[in-house]
Amino acid sequence: MRSSIKQLALLLTMSATIMALALPAAAVTLEDTLRAALSNSPSLQASRKAWLASREEIGTAVATSEWRATGTVTGNQYKTEAASASKSGFLDSQTLNATVSLSRNLYDGGQTDENMRLRTIQLDIAEARYRAAEQQLLLNTIDVYLSVVKAGREVELNRANVSRLEEHVAAARVRLDAGAATRTQVAQAEARLSRARTTLIAALTGLRNAEDAFATETGLDPSNLDAGIDAGALPSTLVEADDLARQYDPDVAITRLSVDAAMQQFNALMASVKPTVAFSLNATEAMGEGTRLDKTELSAQVKLSTPLMPTASIRAKSRGLSASLESARFERDSAMRDASLEVRNAFRNLETARSQRVAVDAELAASRLVATGITNEFQFGQKTTLDVLDAEQDVNDAELRGVSADHAILMAAFRLRAASGLLSPSSFRLDDVLGPLEAMQPLEPRFTSWVPLAVEWPDKAGAAGDEAPNDELPSENAPLQEVEDTSLLAPELGAEPAEEIAVTKSPGPATPVITVESGIVWNIQTNLP
């Protein structure tokens, strides 16, 4: 009985293993790719740390209103010429003074408030730059993803074309042996075959380049990508796209905040030349020869100071800030123009790509009809082999143009989203990849004594609490990282979402061998068939 149970369990285990091996690997979706790219980007991590540095700069704005404690020790050696001196003719004496001071500005002219506002605006600028880096990373990742899909389809079509022409060459040689064809017809078929093989080699090279770029950007296996891609919700009109660009484009936001920062810098300068009221408390202990010079002093002081006239440096600083403000305003106007032009171009490019796709579909349908008719006529001797080759080549060319049209539509759609400021991790539900900026914590130094003469830093950069980027890309045999199922989250724009364009990708040739060191792809080996 026990042996039967063991045999049954072994049989079930073997069956499960065989089924697992037979199942195809899960396709890598666009969301999986974007998730990997976000966690694999050193440049994005650098932007996050730049934001963190700007946030800590806010703490430096209170420097003019902080309590300050200082200590000074002064020692003096005196030699006084005197007739009563016994040996050298000089009398020696020593004094020692130790002073401890505690001071702060009771009123700093408003410098703390103005500097705090300035640092807050600079933090907003750092966040806008981070959002711009995020958007550029997403767009670049989408580009390499779609390039792999497009190159894979081109390789598939070119391979089919080579196979078709090989059959034509074989048939022409058979007809030549039977006396039904000439050597010229065979040579024409062979020439077409050689040209198709050259095109296939170029397509394979393009596929390898696209796969290498994909692996470098994401660290994922590029051999099994999901070709079903939805561009998400898009602006329905050109006016709506232009308004979104002026409102949400990160570059426009940066230049607008730069104008605010330039104005606030002038306010901070004016606060630095206003009157200040300072309070200080001093304790002094003096010691000297005997007891006549020994004394202890305690003093408190309130000091009002104000500049009586603006200095040349203040005037120069104010003129420089005025010029910087004008420069920032011109840059803002230029950025708004560029954003409006970019979004209009993207909108028209999308319309053009969609129109071209319709034309390509019509061309493809007509080419297939012509090819079928010419093939039938060839069988009755009314058309030549060259006519058949030309007709079938027209079909292949139309199919390749269809692949390019699909790629152009998707890229134009995503570029329109980027130009409108709608391309962000939240639109793909990927906010959990890196987490919010506010959750990051800086490295906390530890002073080794109450006097800040030496400081110790944590040994590892990861001790700051913010996840460090993964420096090791998975090897070619490593399983893909499991991620939760995500879908596109597009903002509500009051328009119907763009139609889903399914792009079919062939399995393609074997995955290139990739060697990784410190997050950099080295020693990429490819084998072109």
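## Salt bridges

A salt bridge here is a side-chain nitrogen of Lys or Arg within 4 Å of a carboxyl oxygen of Asp or Glu. By this rule, the count comes to 21 salt bridges. One of them brings together the side chains of Arg35 and Asp432, at 3.2 Å from N to O. Arg35 lies in helix 2 and Asp432 in the loop between helix 9 and strand 6, so the pair ties together parts that are 397 residues apart in sequence. (Helices, H or I with at least four residues, and strands, E with at least two, are DSSP runs numbered from the N terminus.)

How covered are the two partners? Arg35 is buried, with a relative accessible area of 11%, while Asp432 counts as partly exposed at 45%. Buried means under 20% relative accessible area, exposed means over 50%, and partly exposed is in between (1.4 Å probe, protein chains only). Another salt bridge joins Glu127 and Arg131, at 3.5 Å from N to O. Both of these residues sit in helix 4, four residues apart, or about one turn of the helix. Salt bridges that share partners also link Arg153, Arg357, Asp361 and Asp406 into one network.

## What kind of model this is

This is a predicted model, in which local features need pLDDT of at least 70 and side-chain atom pairs count only at pLDDT 80 or more, while totals for chains, interfaces and linings use all residues. Residues are numbered from 1 along each chain as its sequence is written, and side-chain values use heavy atoms, with hydrogens and water left out.

The pLDDT, the predictor's confidence in each residue from 0 to 100, averages 80 for the protein, and 77% of the residues score at least 70. Over residues 18-23 it stays under 50, and the model has zero contacts there beyond four places in sequence. Residues 461-529 also stay under 50, with 138 such contacts. A contact means heavy atoms within 4.5 Å.

## The overall picture

The protein has nine helices and ten strands. Of its 529 residues, 35% count as buried. Among contacts between residues at least 6 apart in sequence, 82% join residues at least 24 apart.

## Inside the protein

A nonpolar core is a set of buried Ala, Val, Leu, Ile, Met, Phe, Trp, Tyr and Cys residues joined through side-chain atoms within 4.5 Å. The largest one has 52 residues, and Ile142, Tyr145, Leu146, Phe414, Leu416 and Leu423 have the most contacts inside it. Its largest share, twelve residues, comes from helix 4. Apart from it lies another core, of 13 residues, among them Ala151, Val162, Val169 and Leu193.

Tyr145, for its part, touches Val28, Thr29, Leu30, Thr33, Phe214, Leu225, Asp226 and Ile229, not counting residues up to four places away in sequence.

## A loop residue

Where is Pro445? It is in the loop between helix 9 and strand 6 (446-447). At 26% relative accessibility, Pro445 counts as partly exposed. Pro445 and Trp457 are twelve residues apart in sequence, yet 4.9 Å apart in space, C-alpha to C-alpha. Leaving aside neighbours within four places in sequence, Pro445 is in contact with Val455, Glu456 and Trp457.
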